[in-house]
Amino acid sequence: MKNAVKMASVLTAFVLAVSLGACGAKQNQTADQSKPKHTGSSAADSSAGSAKDKTAGGSERGTRTVTDALGREVEIPSVVDAIVPLGNAPRMVAYLGVADMVVGIGECETADSPIKAYAYVNEKNWSGLPNCGTDAMGETAYYPEEIITAAPDVILCTYTEDAANDIQKQTGIPVVAVSQGTLFDEDYDEALRILGEVCGVSDRAEELIAYIKQCLEDLETRTESIPDENKPSVLGAAATFKGSHGIEGVYSNYPVFAEIAAKDMAVGISDTVGGLLVDKEQILSWNPDMIFLDYSGVELVRADYAENPDYYQQLKAFTDGNVYQWPNSTWHWSNVEIPLVSAYYTAMLLYPDAFSDVDFEEKASEIFDMFLGEPDYLSVLEDAGAGYGKVTFGE
């Protein structure tokens with residue numbers, strides 16, 4: 001009898017142990033499935049062995065140190081699988097193809113306009129993620145509790161040193177800061193390289209940088225030798241900066257025009273690169289041959305035209321039918337793919353002979369595919385009324 005009881009006890013203990021082991025395996029499997037999947041590998045994987053520690057569970061966990069754009073040395077995991085990007089970092093990580101690594105996002109990254117292309121194509125990836133901050137109307141705010149809930153390996157941002165240090169102190173999570181990035185400039189390349197290093201996609205960063213350079217060199221080669229006297233004068237108006245503007249909002253020293261050696265009437269009116277307000281009489285004095293309007297400002301210009309038609313009849317771009325719409329380059333910060341497409345669009349209008357071998361739709365498809373993975377994104381813009389084309393007034 002005692003032997004029977006003893007045998008029953010052993011069997012009961014064995015069944016219980018198997019049951020608990022199965023539950024543990026199921027929980028571990030569920031935890032693994034809930035983690036963002038990413039196939040990128042760390043640039044430091046091959047040298048991380050000496051830095052690896054044993055965690056309490058016996059698994060290996062290594063670290064590495066990166067230097068961010070502010071000169072801060074930041075210790076991060078050897079392999080990064082989960083990130084929270086803030087500021088202009090969401091746009092950059094989308095270009096780098098690691099949008100699936102995002103576990104928390106700012107409230108401004110909703111897909112509310114196809115002009116914000118990087119967010120528009122990642123709506124499914126980012127919808128429902130913890131709201132970790134905002135940059136609405138130039139206000140920078142971050143929410144430490146939400147970031148901690150999101151549990152990223154690294155926080156990526158385009159903030160100041162004080163802000164980066166503060167976020168890291170409040171969350172206990174490493175923060176890597178990069179430049180907001182100047183369109184077509186070296187600080188954008190540096191930002192892509194640092195983010196590529198952090199996320200284990202350095203090759204992709206170099207691919208993007210090389211592609212941008214290739215496009216800019218192509219544009220320069222085709223346009224640099226065209227005499228100024230053979231160029232129509234241009235103006236970028238209805239510019240988007242701190243919101244939308246009418247005709248009086250213009251782009252100063254605009255990189256899109258600079259890269260195609262356009263005769264830009266607003267060059268030199270300011271030391272800054274970007275949008276500013278000018279007196280409408282200044283536009284009359286420039287009287288450019290062609291005017292390009294941001295999509296977001298077209299209706300403001302149309303409303304002003306209805307109230308002041310005599311003013312616009314003094315502008316030859318309006319009387320000659322040479323007013324065009326293009327998608328805004330800017331949504332909070334500058335896109336890269338849309339300005340590149342706009343540069344080709346504008347250059348083909350200004351210098352048709354130099355671009356006679358270029359098909360605009362094919363080139364736009366190539367650019368959108370490179371940055372967004374969406375070769376038909378031109379149709380998305382057109383369906384939303386935000387595409388490229390001539391704009392008519394007073395009809």
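Visitor: Leaving aside its neighbours within four places in sequence, which residues is proline 130 in contact with?

Guide: Those are Val103, Gly104, Ile105, Glu146 and Ala150, where contact means heavy atoms within 4.5 Å. Before we go on, this is a predicted model, where local features need pLDDT of at least 70, side-chain atom pairs count only at pLDDT 80 or more, and totals for chains, interfaces and linings use all residues. Residues are numbered from 1 along each chain as its sequence is written, and side-chain values use heavy atoms, with hydrogens and water left out.

Visitor: Good. Where does proline 130 lie?

Guide: In the loop between helix 4 (123–126) and strand 6 (133–134). Helices (H or I, at least four residues) and strands (E, at least two) are DSSP runs, numbered from the N terminus. Glutamate 146 is 16 residues along the chain from proline 130, and their C-alpha atoms are separated by 6.1 Å. Proline 130 is partly exposed, at 21% relative accessible area; buried means under 20%, exposed over 50%, and partly exposed in between (1.4 Å probe, protein chains only).

Visitor: Zooming out, how many helices and strands are there?

Guide: 16 helices and 18 strands. Of the 395 residues, 49% count as buried. Among contacts with a separation of 6 or more, 66% come from residues 24 or more positions apart.

Visitor: Switching to charges, how many salt bridges does the structure hold?

Guide: Ten, a salt bridge being a side-chain nitrogen of Lys or Arg within 4 Å of a carboxyl oxygen of Asp or Glu. One of them joins arginine 302 and glutamate 299, with the closest N and O atoms 3.4 Å apart.

Visitor: Why are arginine 302 and glutamate 299 separated by about one helical turn?

Guide: Because they're three residues apart in helix 11 (residues 298–307). Arginine 302 is partly exposed at 31% relative accessibility, while glutamate 299 is exposed at 53%. Elsewhere, salt bridges that share partners join Asp218, Arg222 and Asp357 into one network.

Visitor: How far apart are N and O in the salt bridge of arginine 222 and aspartate 357?

Guide: 2.8 Å. That pair links distant parts of the chain, 135 residues apart: arginine 222 is in helix 8 (residues 202–223), and aspartate 357 in the loop between helix 14 (337–350) and helix 15. Aspartate 357 is exposed, with a relative accessible area of 58%.

Visitor: What about lysine 231, buried or exposed?

Guide: Lysine 231 is buried, at 8% relative accessible area. Its salt bridge with aspartate 228 has its closest N and O atoms 3.1 Å apart, and aspartate 228 is partly exposed at 47%.
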